[in-house]
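Subject: Handing over a structure, with notes

Dear colleague,

I am passing on a structure that you have not worked with before, and below it you will find notes on what turned up. Please read them with the model open beside you.

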Amino acid sequence: MNIPDDLLYTKEHEWVLIEGNKGKVGISDFAQSQLGDVTYVEVPEVGREVKQSEGLATIDSVKAASDIYAPMSGKVTEVNGSLESAPEAVNKSPYAEGWIAVIEIKDESEKNNLMDSKKYAEYVKTLGDHE
């Protein structure tokens with residue numbers, strides 16, 4: 001399983017790449033593999049304020065509809081509009097083309113609530129194989 005080192009992760013399998021006061025958000029490779037083929041991504045509105053762990057977006061797949069939660073509080077400054085016409089990017093490239101939104105981070109200390117790649121890899125192992 002691919003778990004990039006430069007990201008932080010939630011227990012709900014969202015990732016955030018923090019660059020300055022911005023955080024790019026998506027879902028992990030594990031999450032997309034559990035969802036199966038993604039058929040639709042409802043991205044948040046630009047300008048929307050979100051709190052850590054609050055619903056940010058929705059993903060529909062052949063298996064289920066799932067909420068995507070904000071890994072950190074802040075304001076949505078950018079969304080990945082290409083997911084409307086190409087939701088499969090979440091499956092093919094969850095850490096690059098499949099990103100969902102960029103948040104202007106309100107409270108950087110919230111990153112202490114997230115897992116680094118090593119902790120996330122250990123966490124995923126405890127979940128077993130649900131496929």
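A residue is called buried here when its relative accessible area is under 20%, exposed when that area is over 50%, and partly exposed in between, with a 1.4 Å probe and protein chains only. This is a predicted model, in which local features need pLDDT of at least 70 and side-chain atom pairs count only at pLDDT 80 or more, while totals for chains, interfaces and linings use all residues. Residues are numbered from 1 along each chain as its sequence is written, and side-chain values use heavy atoms, with hydrogens and water left out.

Let me begin with the sheets. Helices (H or I, at least four residues) and strands (E, at least two) are DSSP runs numbered from the N terminus, and two strands pair if DSSP finds at least two bridges between them. Six strands make up an open sheet, a sheet of 6 strands with antiparallel pairing in the order β1-β2-β3-β9-β8-β5. Its edges are β1 (8-9) and β5 (49-50), each of which has a single partner strand, so one side of each is left without a neighbour in the sheet. Between β1 and β2 (residues 14-19) the antiparallel pairing runs over 2 bridges, and Y9 has W15 in β2 as its bridge partner.

Another open sheet has 3 strands, in the order β4-β6-β7, again with antiparallel pairing. Here β4 (38-42) and β7 are the edge strands, and each has a single partner strand, so one side of each lacks a neighbour in the sheet. Strand β6 (residues 55-61) pairs with β7 in the antiparallel sense over 5 bridges, and the bridge partner of T58 in β7 is D67.

Two loop residues deserve a look. H13, in the loop between β1 and β2, has a positive phi of about 80 degrees although it is not a glycine, and H13 is buried, with a relative accessible area of 11%. S53, in the loop between β5 and β6, likewise is not a glycine and has a positive phi of about 75 degrees, but S53 is exposed at a relative accessible area of 52%.

Next come the aromatic rings. Rings of Phe, Tyr and Trp (its six-membered ring) pair if their centres lie within 6.5 Å, and planes under 30 degrees apart count as stacked, over 60 as edge-to-face and the rest as tilted. By this rule there are 3 aromatic pairs. One of them, Y9 with Y120, is stacked, at 4.4 Å centre to centre and with 10 degrees between the planes. Since Y9 lies in strand β1 and Y120 in helix α3 (residues 117-127), the pair ties together parts that are 111 residues apart in sequence. Y9 is buried at 0% relative accessibility, and Y120 is buried with a relative accessible area of 0%. W15 and Y95 form a tilted pair, 5.9 Å centre to centre with 45 degrees between the planes. This pair links W15 in strand β2 with Y95 in the loop between α2 (89-92) and β9 (101-105), 80 residues apart, and both W15 and Y95 are buried. Y9, Y120 and Y123 form one aromatic cluster.
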